[in-house]
Amino acid sequence: MGIAPYVPGRATADDGRRIVKLSSNENPFGTSPAARDAYRSAADHLERYPDAAAADLRAAIAAHYGIEAERIVYGTGSDEVLHLAAGTFAGVGDEIIYVRYGFAVYDIATRRVGATPVVADDRDYATDVDAILAAVTPRTRVVFVANPNNPTGTYTDRGEIARLHAGLPRDVLLVLDQAYTEYLDADDDDGGLDLARTQPNVLVTRTFSKIFGLASERVGWGYGAPALIDAMHRIRAPFAFGIGAGLAAIAALGDDDFVEQSRDHNRKWRDWFAAEIAQLGNAGLRVVPSKANFSLVLFEGEVTAESAYQALMAAGYATRWLPNQGLPHALRITIGAEADMRGVVAVLRDLAGAAI
């Protein structure tokens, strides 16, 4: 009962109205047409269990990212892979470290296995490597780092990730949660896959829920040393997702145009949104620099995050207010379609104008 349950993003208003959902970091373009077609092709095989080894999907992931299929574990979204990491390598009496303003699942995964959560201080909402290293004790078993981080959108570069790994004991597992990595520019690679390939204590996790637009199908995976993957396979569910989900994920990997379109749109409107919010700085609004498909807007003046959340909801936009994650003064807002971003800015501009 000490676990605070995960709270999903809102999709409806209090009165039941369907509204624009900018609360769950979903792809505004939906899903690749190729992925939809592949999913439909599974309709004639619903009586069959999916391949428990997910061999075809692991082979496709391996070919796409240049990694080894036998070193891939899959799960029901990357959430399950994160739970597997905690459940495989930590338990009662152990400690798991994650950063302040980190992904809510880290705390749940830690407490679920009876381990003790240790929260490292942030550095202006970003991951502080020194704070993490200072929190390590002989009881530390796992360190969770999301990069880019959710819900802040902040990014830790390759040098800092390497420094973090070098400073950890060899018996501590570093989990690099890269759910949003496909939104990064090519020169922003944090080196996670290289570390996982060459080091025995690094696990990279990824998902098809974000840029690939397959959130409803819950397909995630992890990559690490053979011994890590073997141990995690022993406790994972044998059938994490259905045949259609696996086929859709394979097809999504092959649709480079859809991914590039999604990345380009996100970069353009994320930067535009940040510039627009910067103009409202005299009303106490600012955006934390983001490399993901969302922005964290801070309300540090007379306009409160709660009042902005309610005003946006009334205008038909669901955003993510996060008081239960220590961010009562912030809204996480997904980068949506052009019209949606302009609409959100118009509401915030009216609020800011009324407060000045």
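Student: What makes S3 and strand S4 (residues 116-120) a parallel pair?
Tutor: Two strands pair if DSSP finds at least two bridges between them. S3 and S4 have 5 bridges, in the parallel sense, so they pair. Ile 96 stands opposite Pro 117 in S4. Strands here are DSSP E runs of at least two residues, and helices are H or I runs of at least four, numbered from the N terminus.

Tutor: This is a predicted model: local features need pLDDT of at least 70, side-chain atom pairs pLDDT 80 or more, while totals for chains, interfaces and linings use all residues. Residues are numbered from 1 along each chain as its sequence is written, and side-chain values use heavy atoms, without hydrogens and water.

Student: Which strand else pairs with S3, and over how many bridges?
Tutor: Strand S7 (residues 140-146), parallel to S3, over 4 bridges. Ile 97 faces Val 143 there.

Student: Why is S3 called mostly covered?
Tutor: Buried means under 20% relative accessible area (exposed is over 50%, partly exposed in between; 1.4 Å probe, protein chains only). In S3 (residues 95-99), 5 of its 5 residues are buried. Glu 95, Ile 97 and Val 99 point one way, Ile 96 and Tyr 98 the other.
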